[in-house]
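Take them in order, and try each task before you read its solution.

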Amino acid sequence: MSEQTEQSDQTVPEEPAASTGAGADPGAGGAGESGGAGGSVGAGDERPEARLDRAVRAAEQALIEFEIAVETFRVEVENFSRLHHQKLGPMYSRLDELDALIAEAKAARSGDPEDLRRAHEARALVMPMPGVDELFNDWLDSDGMSDDASAMLTERSVRPPERVRPSEEVRKLYRELVRKAHPDLAQDETERERRDAFIVRVNAAYGRGDEHLLRELAEEWAAGPVPEAARPSESEELYARLEWLAARKELLAAVARELEDSAIGSMLRMAPEDPDRLLEEIAEQLLERVSERESELAELAG
């Protein structure tokens, strides 16, 4: 764990600045570049798209760095969580077991319904086992075991799935669609790919005998391919890219906050320089609690 954390302070760096205007140019441009401090062309002569493009590039670099920081912290949290479970999990389990034993001893001594309820709840916290229905979902019937399940445990073959027998109308729709949309009728590779994908959907609908879906597919084919949308301008593409980068930054910020606010993230922030020592301190506290519980149980048993 130490080699995983010695180079990290277990905190997510600040988010990239929200402002990504032309002033946030990350080293782009030298003395001779248009719009630079020493450029021969004035800033007013620079194309707006060029300044917007630099803003996009700056925002992209900032987002990349932020994403690296968030992912680094996520790995730290995951590794620390694993160590926490490995080192302290058995102690927590022992405490749960002792709590259940103490509650059961008190209930056996008093016979009080409230003590019995507490004992039952305490025992339920100790490694609860799934029920039979959960373990063998869909394998049990009213007689104890489904026919398919018992077949798999014997030499009998498993019952095959029921065959779908398409109606005459379904077969007719299928043949018509295949004749119209067959990939061999394509004039170019793009059209062939479109037909290939469409026929896959037709075959799936026919395999299920889905007449309604086949009719919908027939209407879709009759309507023809969806026309390509008009290509946005350069400025529109750049603005759309900036909007996506901003949305991505907000998503990463939410992930970072969730990691920092988690129990493990909070523990890492308590001891950023030596998280292993923090585990040792918690282990010492748990051992003390285990010792107290064992003494209490011994007194009840005596």
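**Exercise 1. Find out whether Phe198 and Trp221 are buried or exposed, and then describe how their rings are arranged.**

Step 1. In this predicted model, Phe198 and Trp221 are both buried.

Step 2. A pair of rings is described by two values, the distance of the centres and the angle of the planes. For Phe198 and Trp221, the ring centres are 4.9 Å apart and the planes stand at 40 degrees. Planes under 30 degrees apart would count as stacked and those over 60 as edge-to-face, so a pair between these limits is tilted. The rings of Phe198 and Trp221 are therefore a tilted pair.

Step 3. Now place the two residues in the chain. Phe198 belongs to helix 7 and Trp221 to helix 8 (residues 211-223), so the pair ties together parts that are 23 residues apart in sequence.

**Exercise 2. How many aromatic pairs does the structure hold, and how are Tyr174 and Tyr206 arranged?**

Step 1. The structure holds 2 aromatic pairs.

Step 2. Tyr174 and Tyr206 make a stacked pair, with 4.1 Å from centre to centre and 15 degrees between the planes.

Step 3. This pair links distant parts of the chain: Tyr174 sits in helix 6 (residues 168-181) and Tyr206 in helix 7, 32 residues apart.

Step 4. Check the exposure of each partner. Tyr174 has a relative accessible area of 21%, so this residue is partly exposed. Tyr206, at 24%, is partly exposed as well.

**Exercise 3. Which residue forms a salt bridge with Glu294, and which with Arg171?**

Step 1. Side chains of opposite charge can pair when their charged atoms come close. To count here, a side-chain nitrogen of Lys or Arg must be within 4 Å of a carboxyl oxygen of Asp or Glu. By this rule the structure has 30 salt bridges.

Step 2. The partner of Glu294 is Arg94, with 3.2 Å between the closest N and O atoms. Glu294 is in helix 11 (residues 275-301) and Arg94 in helix 2 (residues 48-110), so this pair ties together parts 200 residues apart in sequence. Glu294, at 37% relative accessibility, counts as partly exposed, and so does Arg94, at 35%.

Step 3. The partner of Arg171 is Glu168, and their closest N and O atoms are 2.9 Å apart. Here both residues lie in helix 6, 3 residues apart, which is about one turn of the helix. Arg171 is partly exposed at 29%, and Glu168 is partly exposed at 48%.

Step 4. Another salt bridge joins Glu284 and Arg277, whose closest N and O atoms are 3.9 Å apart. Shared partners can also build a network: salt bridges join Glu114, Asp115, Arg117, Arg118 and Glu121 into one.

**Exercise 4. Where does Ala55 lie, and how far are the C-alpha atoms of Ala55 and Leu238 separated?**

Step 1. Ala55 lies in helix 2. With 3% relative accessibility, this residue counts as buried.

Step 2. Along the chain, Ala55 and Leu238 are 183 residues apart, and their C-alpha atoms are separated by 9.1 Å.

**Exercise 5. How many helices and strands does the chain have, and what part of the residues is buried?**

Step 1. The chain has 11 helices and 0 strands. Read along the sequence, its pattern is α-α-α-α-α-α-α-α-α-α-α.

Step 2. Of the 302 residues in the chain, 27% are buried.

Terms used:
Residues are numbered from 1 along each chain as its sequence is written. This is a predicted model: local features need pLDDT of at least 70, side-chain atom pairs count only at pLDDT 80 or more; totals for chains, interfaces and linings use all residues. Side-chain values use heavy atoms; hydrogens and water are left out. Rings of Phe, Tyr and Trp (its six-membered ring) pair if their centres lie within 6.5 Å; planes under 30 degrees apart count as stacked, over 60 as edge-to-face and the rest as tilted. Helices (H or I, at least four residues) and strands (E, at least two) are DSSP runs, numbered from the N terminus. Buried means under 20% relative accessible area, exposed over 50%, partly exposed in between (1.4 Å probe, protein chains only).
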